[in-house]
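Below, several labels used for this protein are set against the cut-offs behind them.

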Amino acid sequence: AEQVVESGGGSVQAGGSLRLTCTASGSTYTAYCMGWFRQAAGKEREGVARIEADGSAIVEDSVKGRFIVSRENARNTLTLQMNSLKPEATTMYLCAYKPCGGTWLSAPNGFWGQGTQVTVSS
């Protein structure tokens, strides 16, 4: 089974930055995609940013211009550079490792990390 581990979360003041890192180990899939989700209390998981099969980076509209997602394929490492953080970014961030496909966001298969907490104070 694939091992997915996140790190880099913490507490910062509004306007600060954090760099989240996700490392996946194993070779369950030959073609896979990785991305970041967030899950706030009382809400379901939603996509934040991901790397498409063609290598392009996708981020949701609410964080465009502030968050940058990148992937280091040699180490199966996904990073999320979070700049100009706002209090609403406070939540748990989870990394997903799943087979690439058109329904990647909602695909039930794949592997998930335990999550890393981000707290932004005003």
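Q: What makes the pair Arg38 and Glu46 a salt bridge?
A: The term requires a side-chain nitrogen of Lys or Arg within 4 Å of a carboxyl oxygen of Asp or Glu. In Arg38 and Glu46 the closest N and O atoms are 2.7 Å apart, and the pair forms a salt bridge. In general, side chains of opposite charge can pair when their charged atoms come close.

Q: Which residues are linked with Arg38 in a network of salt bridges?
A: The network links Arg38 with Glu46 and Glu60. The side chains of Glu60 and Arg38 meet at 2.3 Å, N to O, in a salt bridge. This pair connects distant parts of the chain, 22 residues apart, with Arg38 in strand S4 (residues 32-39) and Glu60 in the loop between strand S6 (57-59) and strand S7 (67-72); helices (H or I, at least four residues) and strands (E, at least two) are DSSP runs numbered from the N terminus. Both partners, Glu60 and Arg38, are buried.

Q: How do you know that Arg50 forms a salt bridge with Glu52?
A: The closest N and O atoms of Arg50 and Glu52 are 2.9 Å apart, and the pair forms a salt bridge. Arg50 lies in strand S5 (residues 46-51), while Glu52 has a relative accessible area of 29% and is therefore partly exposed. By the same rule, the count comes to four salt bridges.

Q: What makes a set of residues a nonpolar core, and which members touch the most others in the largest one?
A: A nonpolar core consists of buried Ala, Val, Leu, Ile, Met, Phe, Trp, Tyr and Cys residues joined through side-chain atoms within 4.5 Å. The largest such core has 27 residues, of which Trp36, Leu80 and Tyr93 touch the most other members. Strand S3 gives the largest share, four residues.

Q: What limits apply to these values?
A: Because the model is predicted, local features need pLDDT of at least 70 and side-chain atom pairs count only at pLDDT 80 or more, whereas totals for chains, interfaces and linings use all residues. Residues are numbered from 1 along each chain as its sequence is written, and side-chain values use heavy atoms, with hydrogens and water left out.

Key. Buried means under 20% relative accessible area, exposed over 50%, partly exposed in between (1.4 Å probe, protein chains only).
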